[in-house]
Amino acid sequence: MEPQYIVAIISGSVFLIILLVYIILIVVRSKKALKEKARISEIYSDESLAKMEYDFAVYDEESSELLGEQAKREGHTTIDEELDSPQEEVFAKIDSEGIEEITGNYHPE
């Protein structure tokens, strides 16, 4: 048999093996993805989540005050408190003695 036919048979066989491995990997990964999706949907199918009890909470004035006091004890501040407090200047004016001139010779090499 001529070498060109041997090379064609071998390369065709390698191609078919790679194609089969690819198809098997697609099937395995799709099954794994379906199992993961089922697991996640089982986790989030809780009745209290369906009622959205975990998404928000309504507080009355007394609860709001208690939570505010607790936050102050822990060191938390609100945006309103930050806006009311005096701000220090982070970028104060820099005293300069005029324009600074840089002189020299540039030799790119």
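Here's a quick tour of the surface patches and charge pairing in this structure. Keep in mind that you're looking at a predicted model. A search of the whole structure turns up one salt bridge, and there's also a nonpolar patch on the surface plus a negative one.

**The salt bridge**
- The partners are Arg-39 and Glu-36, with their closest N and O atoms 2.7 Å apart.
- Side chains of opposite charge can pair when their charged atoms come close.
- Both residues sit in helix H1, and because they're three residues apart there, about one helical turn separates Arg-39 from Glu-36.
- Arg-39 is partly exposed, at 44% relative accessibility.
- Glu-36 also comes out as partly exposed, at 36% relative accessibility.

**The nonpolar patch**
- Phe-15, Leu-16, Leu-19, Leu-20, Tyr-22, Ile-23, Ile-26 and Val-27 make up this patch on the surface.
- Ile-26 has a relative accessible area of 42%, so it counts as partly exposed; patch members need over 30%.

**The negative patch**
- Four glutamates build this one: Glu-61, Glu-62, Glu-65 and Glu-69.
- Glu-62 is found in helix H3, which takes in residues 61-74.
- Glu-62 has a relative accessibility of 55%, so it counts as exposed, the cut-off for that being over 50%.

How values were computed. Residues are numbered from 1 along each chain as its sequence is written. This is a predicted model: local features need pLDDT of at least 70, side-chain atom pairs count only at pLDDT 80 or more; totals for chains, interfaces and linings use all residues. Side-chain values use heavy atoms; hydrogens and water are left out. Patches are made of residues with over 30% relative accessible area and no salt bridge: like charges are joined within 9 Å, nonpolar side chains (Val, Leu, Ile, Met, Phe, Trp, Tyr) within 5 Å. Accessible areas come from the Shrake-Rupley method with a 1.4 Å probe; for residues, only the protein chains shown count as cover. A salt bridge is a side-chain nitrogen of Lys or Arg within 4 Å of a carboxyl oxygen of Asp or Glu. Buried means under 20% relative accessible area, exposed over 50%, partly exposed in between (1.4 Å probe, protein chains only). Helices (H or I, at least four residues) and strands (E, at least two) are DSSP runs, numbered from the N terminus. Lys and Arg count as positive and Asp and Glu as negative; His and the chain ends are not counted. The place of a charge is taken as NZ of Lys, CZ of Arg, CG of Asp or CD of Glu.
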